[in-house]
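The stops below are given in the order in which they may be selected.

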Amino acid sequence: MGDSIKHHYIPQCYLSNFSCDGKAIWVYNKKERKAYLTSVDKIFQKKHWYRIPDELIPEQDKDKINPLSIEKDFFADQVESQFNHYLKSLVCNIDELLQDESNFQNYNCRLHEDYVDEFSMQIAIQFFRTPKARQEVMGIISDLAEKFQMTDSKYMDNEIIAELNKPHTQNPTIAHFWTIFANDKFIPGITEILKGKIWLTFVSPNVPFYTSDSPVSVENMYNMPNDTDISLNRIGSIITYPITSKLLFKLLDREYYADMSDEDRSIILMNDEYVKKENMRQFSLAQNEIVSPINNFDDCIHYGKKD
């Protein structure tokens, strides 16, 4: 995330786990119906996506307010550094388990609650970072701004907050950040909801999981358009998040799937056919692009030709 122009709405530290070498990554573009090899730093980013517009910074405050405060101070230095730490730790733990596949018998392996706490927050943040999420947030900005007031933030100086609050509903960058990330209610509230789900961790030692430009996907049993979290707390929902090419989280509504409560936090070894089906589901729910460490998009190409 070091480039001051390219701002990733899906972190590079995450995408590198879907790369063959930490840098190179295969992409399949649904609209163009073609696969190509590129680098992690070139995908799922937009020019100046989090940059505070210069015209919104008063002349007398230009030496105090860094236009890249959202990009650097919040996402890079706080959110992603913490995410990367827990991600590396989880990968190491799973790799140890994979040394003996008998570890996965009878649901003996369970995800530690520290990971549930951390990744609940990261899922909430990632869900609202994408361009699609920003577009949806701007559609209900007045309601969100009224319900979730930005207060003191441990991530940003109060002088910056005071200035950014003023024009928040006019500028998409500021409005998106102000209503979703820079307050003490919205993300923490959704994090608590996600921590209460039934967590299942699926492990694929052979066929890699895809991820996409919409890495956090939600399938809902019911449509409840008035939910303030847009869609992460629907009744009967299943939230899916491929965390690496070998690991995938599924979060189930605890009330609707009460009969699966005993399996909460289970770590489950999956067969190749299940992974392929999951990848097709990921393909169907992606906005436009899916990624993988290898060029294994043959099923997607065939599926796309039928549409």
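**First stop: a helix pair**

Select helix H2 (residues 69-98) and helix H3 (residues 113-127), which pack at an angle of about 135° with their axes 11 Å apart. Helices (H or I, at least four residues) and strands (E, at least two) are DSSP runs, numbered from the N terminus. Axes are lines fitted to C-alpha atoms, for helices over the stretch in contact, and angles run from 0 to 180 degrees between N-to-C directions. H2 and H3 are therefore oblique to each other; angles under 35 degrees count as roughly parallel, over 145 as roughly antiparallel, 65 to 115 as roughly perpendicular and the rest as oblique. The crossing of the two helices H2 and H3 is left-handed, a term used if the near helix is turned anticlockwise from the far one by less than a right angle, with right-handed used if clockwise.

The model is predicted, so local features need pLDDT of at least 70 and side-chain atom pairs count only at pLDDT 80 or more, whereas totals for chains, interfaces and linings use all residues. Residues are numbered from 1 along each chain as its sequence is written, and side-chain values use heavy atoms, with hydrogens and water left out.

Which residues of H2 and H3 meet? On the H2 side, show Phe 75, Val 79, Gln 82, Phe 83, Tyr 86, Leu 87, Ser 89, Leu 90 and Asn 93; on the H3 side, show Asp 114, Tyr 115, Glu 118, Phe 119, Met 121, Gln 122 and Ile 125. Contact means heavy atoms within 4.5 Å. By class, the contact of H2 with H3 has 10 nonpolar, four polar and two charged residues. Here Ala, Val, Leu, Ile, Met, Phe, Trp, Tyr, Cys and Pro count as nonpolar, Asp, Glu, Lys and Arg as charged, and the others, Gly among them, as polar.

Move to Thr 130, in the loop between H3 and helix H4 (131-139). At 9% relative accessibility, Thr 130 counts as buried; buried means under 20% relative accessible area, exposed over 50%, and partly exposed in between (1.4 Å probe, protein chains only). Leaving aside neighbours within four places in sequence, Thr 130 is in contact with Tyr 9, Trp 49 and Asp 213.

Next select Ile 180, found in helix H7 (residues 172-181). Ile 180 is buried, with a relative accessible area of 0%. A C-alpha to C-alpha distance from Ile 180 to Ala 124 gives 9.9 Å, although the two are 56 residues apart in sequence.

Display the open sheet with the order S7-S8-S9-S5-S10, in which the pairing is mixed. Two strands pair if DSSP finds at least two bridges between them. Strand S7 (217-219) and strand S10 (266-269) stand at the edges, each with a single partner strand, so one side of each is left without a neighbour in the sheet. On average, neighbouring strands of this sheet are turned by 20° against each other, direction ignored.

Two strands can then be followed from S9. Strand S5 (residues 198-203) runs antiparallel to S9 and is joined to S9 by six bridges; Leu 200 has Lys 250 as its bridge partner, and Trp 199 has Leu 251. Strand S8 (residues 238-242) is also antiparallel to S9, with five bridges, and the two form a hairpin with four residues between them. Ile 238 stands opposite Leu 252, and Thr 240 opposite Lys 250. Four of the five residues of S8 are buried.

**Last stop: Pro 293**

Finally, select Pro 293, in the loop between S11 and helix H10 (298-306). At 11% relative accessibility, Pro 293 counts as buried. Pro 293 and Cys 20 are 273 residues apart in sequence and 4.7 Å apart in space, C-alpha to C-alpha. Not counting residues up to four places away in sequence, Pro 293 touches Phe 18, Ser 19, Cys 20, Trp 26, Pro 208 and Ser 245.
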